[in-house]
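Here are my notes on this model, point by point. Please keep the structure open while you read.

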Amino acid sequence: MLGLKLLTDPRWANIAESNLDEILTDHAWCEQKAASNAITLITQNPEHEDLVHELTAIAIEEMQHFQMVIDIIKARGYALGRERKDDYVGQLMKFSKKDGSRNQAFIDRLLFAAMIEARSCERFRVLSKNINDQELAKFYHDLMVSEANHYTTFLHFARKYTTDVDVDKRWQEWLDFEGELIQSYGKKEYIHG
């Protein structure tokens, strides 16, 4: 369904599970950044009322996920660590087209968000199916469903609001780029690492 070119090796879940405090901290900050991205899209495109409505709901949901992860961190006796630079997201941002029309930049920002949600969904699936901690396995299954909904929302708006971008062609370029990029990741205790 997601169209990802390379799936995560299930052994990545072992790395994540053996470093739960690190993966949970990274995950918390990923949720905060996802909320911030939705808010940025709203502030840059307030003329699209349905987008404002849907992305407001996503931003709120992402912050609820942030709170849920913080609660898990606290309940397990960990401390929320500092935010980390996400090299994967940074590389995706560099791939985004910023020098074309306003619409091209808008559509690419939506596809950027869809790409991150798709990979997060896939990673949460790997965690839900491969970690021994049943409480976290269920938690990540529930988040997987949520991320899949976000992914489809961003793609929907890209297709709806394009004026000069072949969204399906550009999405395929995103999938191809990410398929190459992700080969360098999946070896650390980061959601996208």
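**Notes on the fold, the core and the spaces**

1. Start with the contacts along the chain. Take those between residues at least 6 apart in sequence: 82% of them join residues at least 24 apart. Keep in mind throughout that this is a predicted model.

2. Next, the secondary structure. The chain has 7 helices and 0 strands. In sequence order the pattern reads α-α-α-α-α-α-α. The radius of gyration is 16 Å, close to the 16 Å that the globule rule gives for 193 residues, so the chain is as compact as a globular protein of that length. Along the principal axes, the C-alpha atoms fill a box of roughly 50 × 30 × 25 Å. Of the 193 residues, 50% count as buried.

3. Now the core. In soluble globular proteins, nonpolar side chains tend to be buried together. Here the largest nonpolar core has 62 residues. Those with the most contacts inside this core are Ile107, Leu110, Met115, Tyr140 and Trp171. At least two core residues come from each of helix 1 (12–17), helix 2 (20–44), helix 3 (49–75), helix 4 (87–95), helix 5 (102–130), helix 6 (134–161) and helix 7 (167–181). Helix 5 gives the most, with 14 residues.

4. What does methionine 115 contact, leaving aside its neighbours within four places in sequence? The partners are Leu4, Tyr88, Leu92, Trp171, Trp174, Leu175 and Glu178. Trp171 is also listed among the core residues with the most contacts.

5. The largest pocket deserves a look. Its volume is about 290 Å³. Of the 20 residues that line this pocket, the closest to its centre are Cys30, Lys33, Ala34, Val89 and Ile116. Helix 2, helix 4, helix 5 and helix 6 each supply at least two lining residues. Helix 5 provides the largest share of the pocket lining, 7 residues. By type, the lining divides into 9 nonpolar, 4 polar and 7 charged residues.

6. A search of the whole structure finds 1 cavity of 30 Å³ or more. The largest cavity holds about 30 Å³ of space. Its lining is made up of Ala16, Leu20, Ile23, Leu24, Leu127, Ile131, Leu136 and Tyr140. Helix 2 and helix 6 are the elements that give two or more residues to this lining. The largest share, 3 residues, comes from helix 2. The cavity lining counts 8 nonpolar residues, no polar and no charged.

7. Is histidine 65 buried or exposed? This residue sits in helix 3. Histidine 65 has a relative accessible area of 5%, under the 20% cut-off, so it counts as buried.

8. Serine 96 is a loop residue. The loop in question runs between helix 4 and helix 5. Serine 96 counts as buried because its relative accessibility is 11%, and buried means under 20%. Not counting residues up to four places away in sequence, serine 96 touches Asp108, Phe112, Arg170 and Trp174. Trp174 is also among the contacts of methionine 115.

9. Asparagine 132 lies in another stretch, the loop between helix 5 and helix 6. Its relative accessibility is 64%, so asparagine 132 counts as exposed. Asparagine 132 and arginine 76 are 56 residues apart along the chain, and their C-alpha atoms are separated by 16 Å.

10. Last, arginine 159, in helix 6. At 43% relative accessibility, arginine 159 counts as partly exposed. Val167 and Asp168 touch arginine 159, with residues up to four places away in sequence left out. Leucine 20 is 139 residues from arginine 159 in sequence and 38 Å from it in space, C-alpha to C-alpha. Leu20 is one of the residues lining the largest cavity.

Technical notes: Residues are numbered from 1 along each chain as its sequence is written. This is a predicted model: local features need pLDDT of at least 70, side-chain atom pairs count only at pLDDT 80 or more; totals for chains, interfaces and linings use all residues. Side-chain values use heavy atoms; hydrogens and water are left out. A nonpolar core is a set of buried Ala, Val, Leu, Ile, Met, Phe, Trp, Tyr and Cys residues joined through side-chain atoms within 4.5 Å. Buried means under 20% relative accessible area, exposed over 50%, partly exposed in between (1.4 Å probe, protein chains only). Helices (H or I, at least four residues) and strands (E, at least two) are DSSP runs, numbered from the N terminus. Contact means heavy atoms within 4.5 Å. On a 1 Å grid over the protein atoms alone, a cavity is a set of points where a 1.4 Å probe fits but cannot get out, and a pocket is an open set with protein on both sides within 12 Å along at least five of seven lines; lining residues have an atom within 4 Å of a point. Grid points are joined across faces, edges and corners, and a volume is the space filled by probe spheres set on the points. Ala, Val, Leu, Ile, Met, Phe, Trp, Tyr, Cys and Pro count as nonpolar, Asp, Glu, Lys and Arg as charged, and the others, Gly among them, as polar. The radius of gyration is taken over C-alpha atoms; the globule rule is 2.2 Å times the number of residues to the power 0.38.
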